[in-house]
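Please consult the sequence and the structure while reading the points below.

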Amino acid sequence: MKQAIHPNYQKVVYMDVNSGFKFLSGSTKGANETIKWEDGNTYPLIKMETTADTHPFYTGRQKFADKGGRADRFMKKYNM
């Protein structure tokens with residue numbers, strides 16, 4: 001393989017910001033934040049809005065309150 005053309009593959013911790021669920025995986029994506037994992041090592045922390053822990057497709061149910069559609073939010077915003 002050619003040197004210095006491949007991204008740095010490393011272990012990272014992904015965290016679902018909605019539920020707080022965390023898991024360790026490999027990735028080429030880096031992060032500014034770090035977290036100490038269960039094994040005592042420190043890994044980069046990547047925060048995500050939705051993971052398999054909170055997405056309705058994987059869970060089979062909605063875990064969080066529905067915000068409503070665009071029309072509902074518009075009506076609420078302008079007190080209509």
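Rings of Phe, Tyr and Trp (its six-membered ring) pair if their centres lie within 6.5 Å; planes under 30 degrees apart count as stacked, over 60 as edge-to-face and the rest as tilted. Ring pairs of this kind link Tyr14, Phe21 and Phe23 into a cluster. The model is predicted: local features need pLDDT of at least 70, side-chain atom pairs count only at pLDDT 80 or more, and totals for chains, interfaces and linings use all residues. Residues are numbered from 1 along each chain as its sequence is written, and side-chain values use heavy atoms, with hydrogens and water left out.

**Aromatic rings**

- The structure holds 3 aromatic pairs. The ring centres of Phe21 and Phe23 are 5.9 Å apart and the planes are at 35°, so this pair is tilted.
- The pair of Phe74 and Tyr78 is also tilted, because the ring centres lie 4.9 Å apart with the planes at 55°.
- Phe21 is partly exposed, at 38% relative accessibility (buried means under 20% relative accessible area, exposed over 50%, and partly exposed in between, with a 1.4 Å probe and protein chains only).
- Phe23 is partly exposed, with a relative accessible area of 28%.
- Phe74 is partly exposed at 42%, and Tyr78 is partly exposed at 46%.

- Helices (H or I, at least four residues) and strands (E, at least two) are DSSP runs, numbered from the N terminus. Strand 1 covers residues 10-16.
- Two strands pair if DSSP finds at least two bridges between them. Strand 1 pairs with strand 2 (residues 22-27) in the antiparallel sense over 6 bridges, and Lys11 stands opposite Gly26 in strand 2.
- These two strands form a hairpin with 5 residues between them, and Gly20 in the turn has a positive phi of about 85°.
- With strand 4 (residues 42-48), strand 1 pairs in the parallel sense over 4 bridges. The bridge partner of Tyr14 in strand 4 is Ile46.

**Asp16**

- Asp16 is found in strand 1 and counts as buried, at 0% relative accessibility.
- The side chain of Asp16 reaches the backbone nitrogen of Asn18 at 2.9 Å.
- Not counting residues up to four places away in sequence, Asp16 touches Phe21, Met48, Glu49, Thr50, Thr51, Asp53 and Thr54 (contact means heavy atoms within 4.5 Å).

Definitions and conventions:
A polar contact is a pair of N or O atoms within 3.5 Å; within protein, one must be able to donate a hydrogen and the other to accept it, and residues adjacent in sequence count only if both atoms are side-chain atoms.
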